[in-house]
Amino acid sequence: MDTKDRMSEVAMERAELQIQIDAGKSLPVMEAFYTLQGEGNYQGRAAYFIRLGGCDVGCVWCDVKESWDAELHPVKTVEQIVQDAIQEILSDIKAAEIASGAESMEALGDAAGTDMIRGCIVVVTGGEPLMYELGPLTKALHAAGFRVHIETSGAYPLSGEIDWVCVSPKKFKAPLPEVISRAQELKVVVFNKSDFLWAEQHAAQVSPDCKLYLQPEWSKEKQMLPLMIDYVKTHPLSTWSLCVQVHKYINVP
């Protein structure tokens, strides 16, 4: 095969892959890992995170800037993504059982393994996960028995079947009204004093049942925490709660 033919073949492969990505059947995955949810309403709960590559929101204080360029990350099929989640979670459970001397999953059978992950939380995050069609991924996750959460800036339309929507609005690209109105959790990152007013402006757009959290930007945590504590204390009739990134304190992903 000459160089011209090879270039043509590569171009066709890329075009076919992009069709799969556009349909949500394959997605760029920066990383995926089983840990504890460190923030918000489900803080402290076991959760499997799927971090998709790609983001154009551009927060200057983003702590995962390496997620921004989707082309830097491997593209995986939805089936691969879900299977990886199942295998990693069951592997952790199996290791714990062996360490404790409990009956192994092999002895209990495949059905027992399936039951162990039923209802387990999977958090789809990014980057900005809603840059992609999430219908195929969320459908496959639900079929496997998972509960699906999403963490998003709200800058793109919702897609897929999502059990818990956490919107963390960013000043660089405003959340869509139809997304923020669907939020079950509003998590506002506080970088300076003006962010309290900005937080209230977004709180006015969510439903009455939405959980409200103020979270200090990590690099300014010591500076902002006293102000945030005072804000929550001086607004006792509001439903704001203070949220800190517990996973960074306990040193887990």
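Of the 253 residues in the chain, 44% are buried in this predicted model. The accessible surface of the chain amounts to about 13100 Å², and carbon and sulfur atoms contribute 55% of that area. Along its principal axes, the C-alpha trace extends over about 70 × 55 × 30 Å. The secondary structure consists of 9 helices and 9 strands. Among the contacts of the chain with a separation of 6 or more, 60% are made by residues 24 or more positions apart.

Helix α2 covers residues 78-100 and helix α5 covers residues 135-143. Their axes are 9 Å apart and form an angle of about 35°. The crossing of α2 and α5 is right-handed. On the α2 side, the residues that meet α5 are Val78, Ile81 and Val82. Their counterparts in α5 are Pro136, Leu137, Ala140 and Leu141.

Two features of the backbone were noted. Most peptide bonds are trans, and most residues other than glycine have a negative phi. The bond between glycine 126 and glycine 127 is cis, with omega at about 20°. Glycine 127 belongs to the loop between β4 (121-125) and α5. Asparagine 251 has a positive phi, near 60°, although the residue is not glycine. This asparagine 251 is located in the segment after α9, a helix formed by residues 246-249. Asparagine 251 counts as exposed because its relative accessibility is 68%, and the cut-off for that class is over 50%.

Alanine 70 is placed in the loop that runs between β2 (46-52) and β3 (75-77). Its relative accessibility is 24%, so alanine 70 counts as partly exposed; a buried residue would have to be under 20%. Apart from its neighbours within four places in sequence, alanine 70 is in contact with Pro28, Gly53, Gly54 and Tyr132. Isoleucine 93 is 23 residues from alanine 70 in sequence, and the distance between their C-alpha atoms is 32 Å.

Proline 177 is part of helix α6, which comprises residues 177-180. With a relative accessibility of 55%, proline 177 counts as exposed. Proline 177 and aspartate 69 are 108 residues apart along the chain, and 26 Å separates their C-alpha atoms.

Valine 232 is found in helix α8, which comprises residues 221-234. This residue counts as partly exposed because its relative accessibility is 23%, a value that falls between the limits of 20% and 50%. When neighbours within four places in sequence are left aside, the contacts of valine 232 are with Leu214, Trp240 and Leu242. For leucine 242, the separation from valine 232 is 10 residues along the chain and 7.2 Å between C-alpha atoms.

Definitions and conventions: Residues are numbered from 1 along each chain as its sequence is written. This is a predicted model: local features need pLDDT of at least 70, side-chain atom pairs count only at pLDDT 80 or more; totals for chains, interfaces and linings use all residues. Side-chain values use heavy atoms; hydrogens and water are left out. Helices (H or I, at least four residues) and strands (E, at least two) are DSSP runs, numbered from the N terminus. Buried means under 20% relative accessible area, exposed over 50%, partly exposed in between (1.4 Å probe, protein chains only). Contact means heavy atoms within 4.5 Å. Accessible areas come from the Shrake-Rupley method with a 1.4 Å probe; for residues, only the protein chains shown count as cover. Axes are lines fitted to C-alpha atoms, for helices over the stretch in contact, and angles run from 0 to 180 degrees between N-to-C directions. A crossing is left-handed if the near helix is turned anticlockwise from the far one by less than a right angle, and right-handed if clockwise.
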